[in-house]
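Thanks for coming. I will take one structure and walk through it piece by piece, so please keep the picture in view while I talk.

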Amino acid sequence: MKEALEEVFENSISEYKLYAMLRAGEIPHVKIGAKYLLRRESLEVWMRQQELGAGS
């Protein structure tokens, strides 16, 4: 989680916001038990899609 915040989101959102987005199903992830698993590749693709959508 901290790696995703630092390296993918560049600390632009809080940990609380990231968890809220995960719970809402807004960010690609896999949940196993209480843990969220995030793949860098999936997050980077999602970020590019968000950027393209915001520019429209």
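I start with Val 30, which is partly exposed, with a relative accessible area of 47%. This residue sits in strand E1, residues 30–32. Together with Ile 32 and Leu 37, Val 30 makes a nonpolar surface patch of about 270 Å². Before going further, please note that this is a predicted model.

Now from the surface to the inside. In soluble globular proteins, nonpolar side chains tend to be buried together. Which residues make up the largest nonpolar core here? There are 11 of them: Ala 4, Leu 5, Val 8, Phe 9, Leu 18, Met 21, Leu 22, Ile 27, Tyr 36, Leu 43 and Trp 46. The elements that each contribute two or more residues to this core are H1, H2 and H3.

Take Leu 43 as one example from that list. Which residues does Leu 43 contact, once neighbours within four places in sequence are set aside? The contacts are Ala 4, Val 8, Phe 9, Ile 27, Pro 28 and Leu 38. Among these, Ala 4, Val 8, Phe 9 and Ile 27 are also members of the core.

Next, the aromatic rings. The count of aromatic pairs comes to two. Phe 9 and Trp 46 form an edge-to-face pair, with 6.3 Å from centre to centre and 65 degrees between the planes. This pair links distant parts of the chain, since Phe 9 is in the loop between H1 and H2 while Trp 46 is in helix H3, 37 residues apart. Are Phe 9 and Trp 46 buried or exposed? Phe 9 counts as buried, at 6% relative accessibility, and Trp 46 is buried as well, with a relative accessible area of 13%.

Tyr 19 and Tyr 36 form an edge-to-face pair too, at 6.0 Å centre to centre and 65 degrees between the planes. Tyr 36 counts as buried at 16% relative accessibility, whereas Tyr 19, at 27%, counts as partly exposed. The cut-off matters for that reading, because buried means under 20% relative accessible area.

Now the charged side chains. How many salt bridges does a search of the whole structure find? It finds five. I will go through some of them.

In one of them, the side chains of Lys 2 and Glu 15 meet at 3.8 Å, N to O. As for the surface, Lys 2 is exposed, with a relative accessible area of 56%, and Glu 15 is partly exposed, at 34%.

Another salt bridge joins the side chains of Glu 3 and Arg 40, at 3.4 Å, N to O. Glu 3 is in helix H1 and Arg 40 is in helix H3 (residues 40–54), so the pair links distant parts of the chain, 37 residues apart. Arg 40 is partly exposed, with a relative accessible area of 37%.

Arg 40 also meets Glu 44 in a salt bridge, at 3.8 Å, N to O. Why are Glu 44 and Arg 40 separated by about one helical turn? Because they are four residues apart in helix H3. Glu 44 is partly exposed, with a relative accessible area of 33%. Through shared partners, salt bridges join Glu 3, Glu 7, Arg 40 and Glu 44 into one network.

Last, a point about the backbone. Most residues other than glycine have a negative phi, and most peptide bonds are trans. Which way does Glu 10 go, positive or negative? Glu 10 has a positive phi of about 50 degrees, although it is not a glycine. Asn 11 also has a positive value, with phi near 55 degrees. Glu 10 is found in the loop between H1 and H2, and Asn 11 has its place in that loop too. Glu 10 counts as exposed at 62% relative accessibility, and so does Asn 11 at 55%.

That is where I stop. Thank you.

Methods: Residues are numbered from 1 along each chain as its sequence is written. This is a predicted model: local features need pLDDT of at least 70, side-chain atom pairs count only at pLDDT 80 or more; totals for chains, interfaces and linings use all residues. Side-chain values use heavy atoms; hydrogens and water are left out. A salt bridge is a side-chain nitrogen of Lys or Arg within 4 Å of a carboxyl oxygen of Asp or Glu. Buried means under 20% relative accessible area, exposed over 50%, partly exposed in between (1.4 Å probe, protein chains only). Patches are made of residues with over 30% relative accessible area and no salt bridge: like charges are joined within 9 Å, nonpolar side chains (Val, Leu, Ile, Met, Phe, Trp, Tyr) within 5 Å. Accessible areas come from the Shrake-Rupley method with a 1.4 Å probe; for residues, only the protein chains shown count as cover. A nonpolar core is a set of buried Ala, Val, Leu, Ile, Met, Phe, Trp, Tyr and Cys residues joined through side-chain atoms within 4.5 Å. Contact means heavy atoms within 4.5 Å. Rings of Phe, Tyr and Trp (its six-membered ring) pair if their centres lie within 6.5 Å; planes under 30 degrees apart count as stacked, over 60 as edge-to-face and the rest as tilted.
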